[in-house]
Amino acid sequence: MVVKENLQKITSDIVEVCQKVGRDPQEVKVIAVTKYVSIARAQEAIEAGISNIGENRDEGLLEKWETIGRSCTWHFIGSLQSRKVKNIIDHVDYIHSLDRTSLAKEIDKRAAHKIKCFVQVNASGETSKQGLNPSAVVSFIKELHRYPNIEVVGLMTMAPLTTDEQVLRATFSQVKTLQKEVQALQLTYAPCLELSMGMSQDYRMAIEEGATYIRIGTALVGNETKG
Ligand SMILES: *Cc1c(COP(=O)(O)O)cnc(C)c1O
């Protein structure tokens with residue numbers, strides 16, 4: 001597992017896909033998802049040039065934060081219980097899983113400053129997935145004016161577990177369409193310029209459909225829990 005080589009491969013994919021669809025590769029940022037790997041592996045990613053780290057559990061994030069600290073940008077990408085907000089709030093730059101009013105209220109209350117949030121959309125409709133039904137996203141975001149510490153920087157989604165290209169593409173493009181709807185509202189607290197979508201298996205297609213943050217675990221830093 002050489003993180004540096006993996007990152008080179010992902011970076012060249014970003015350039016290639018962006019050329020294909022006429023996007024600027026600078027728009028696509030890579031979040032190294034380190035939930036399955038050690039602190040040492042996360043540090044290897046930073047040495048290879050990664051500046052964004054993503055974790056999906058509060059313990060995992062805090063453990064790595066202790067060692068790595070402010071030398072990178074921290075993304076909380078997992079489902080977030082309201083009672084855990086206070087544990088992570090001073091250690092995260094972005095929260096990717098805002099999907100309910102009670103969570104918005106808790107983030108707003110605990111935050112010492114504006115927190116950059118992605119509203120999570122369950123675009124695939126799978127009941128096992130977190131996130132709002134696409135039809136509920138606009139009204140949810142309109143409600144968020146009540147929480148001054150919340151800034152909606154974008155939308156986040158997880159694609160369904162499938163290799164069916166049409167299904168994946170439809171999922172990503174639906175979220176892109178929703179993003180345009182939110183932008184059209186012109187809410188100062190919801191510029192919604194970012195799209196967090198694409199993981200190890202599907203990031204190329206997510207970039208084609210407009211992703212600005214791709215969240216890569218296995219294909220970048222590996223999975224040390226799987227030997
Ligand atoms: C684990 C995880 C990822 C990365 O998954 P890989 O398939 O290993 O790239 C991305 N996003 C979320 C929300 C995750 O939980």
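This report describes helices, strands, a ligand site and selected residues in a predicted model.

## Basis of the model

Residues are numbered from 1 along each chain as its sequence is written, and side-chain values use heavy atoms, with hydrogens and water left out. In this predicted model, local features need pLDDT of at least 70 and side-chain atom pairs count only at pLDDT 80 or more, while totals for chains, interfaces and linings use all residues.

## Helix α1

Helix α1 covers residues 3-21, 19 residues in total. Helices (H or I, at least four residues) and strands (E, at least two) are DSSP runs, numbered from the N terminus. From first C-alpha to last, α1 reaches 27 Å, close to the 27 Å expected at 1.5 Å a residue. The expected span is 1.5 Å times one less than the number of residues. Glycine 22 follows α1 and has a positive phi, near 75 degrees.

The buried residues of α1 are Val3, Asn6, Leu7, Ile10, Asp13, Ile14, Val17 and Cys18. They fall within an arc of 125 degrees seen down the axis, so they line one face of the helix. Buried means under 20% relative accessible area, exposed over 50%, and partly exposed in between (1.4 Å probe, protein chains only). The arc is that of the directions from the helix axis to the C-beta atoms. An α-helix has 3.6 residues a turn, so residues three or four places apart point the same way. Lys4, Glu5, Gln19 and Lys20 are exposed on the face of α1 turned away from its buried side. The buried residues of α1 pack against β1 (29-33), α2 (39-47), α8 (203-208), β8 (213-216) and α9 (218-221). Contact means heavy atoms within 4.5 Å.

## Helix α2

Arg41, Ala42 and Ala45 are buried in α2. They cover an arc of only 105 degrees around the axis, which puts them on the same side of α2. Ala40 and Glu47 are exposed on the other side. The buried residues of α2 pack against α1, β1, β2, α3 (58-68) and α9. Just after α2, glycine 49 takes a positive phi of about 120 degrees.

## Strands β1, β2 and β8

β1 has parallel pairings with β8, over four bridges, and with β2, over two bridges. Two strands pair if DSSP finds at least two bridges between them. Alanine 32 has isoleucine 216 of β8 as its bridge partner. Valine 33 is bridged to glycine 54 of β2.

In a regular strand the side chains alternate between the two faces of the sheet. Both faces of β8 are covered. Tyr213 and Arg215 are buried on one side, Ile214 and Ile216 on the other. Both faces of β2 are covered too. Here Asn52 and Gly54 are buried on one side, and Ile53 and Glu55 on the other.

## Ligand site

Val33, Lys35, Ile77, Met156, Met158, Met199, Ser200, Arg215, Ile216, Gly217 and Thr218 surround the ligand. A residue counts as near a molecule if one of its heavy atoms lies within 4 Å of it.

An oxygen atom of the ligand lies 2.7 Å from a side-chain N or O atom of lysine 35. For serine 200, the distance from a ligand oxygen to a side-chain N or O atom is 2.5 Å. Glycine 217 places a polar backbone atom 2.8 Å from a ligand oxygen. A polar contact is a pair of N or O atoms within 3.5 Å; within protein, one must be able to donate a hydrogen and the other to accept it, and residues adjacent in sequence count only if both atoms are side-chain atoms.

Asparagine 52 sits in strand β2 (residues 52-55). Its relative accessibility is 8%, so asparagine 52 counts as buried. Its side chain makes a polar contact of 2.8 Å with that of histidine 75. Leaving out residues up to four places away in sequence, asparagine 52 touches Lys29, Val30, Ile31, Ala32, Thr73, His75 and Tyr213.

Glutamine 130 lies in the loop between β5 (115-121) and α6 (137-143). It is partly exposed, with a relative accessible area of 37%.

Glutamine 186 is in the loop between α7 (165-185) and β7 (194-196). Cysteine 192 is found in the loop between α7 and β7 as well. Glutamine 186 has a positive phi of about 55 degrees although it is not a glycine. Cysteine 192, also a residue other than glycine, has a positive phi near 55 degrees. Glutamine 186 is exposed at 69% relative accessibility, whereas cysteine 192 is buried at 0%.
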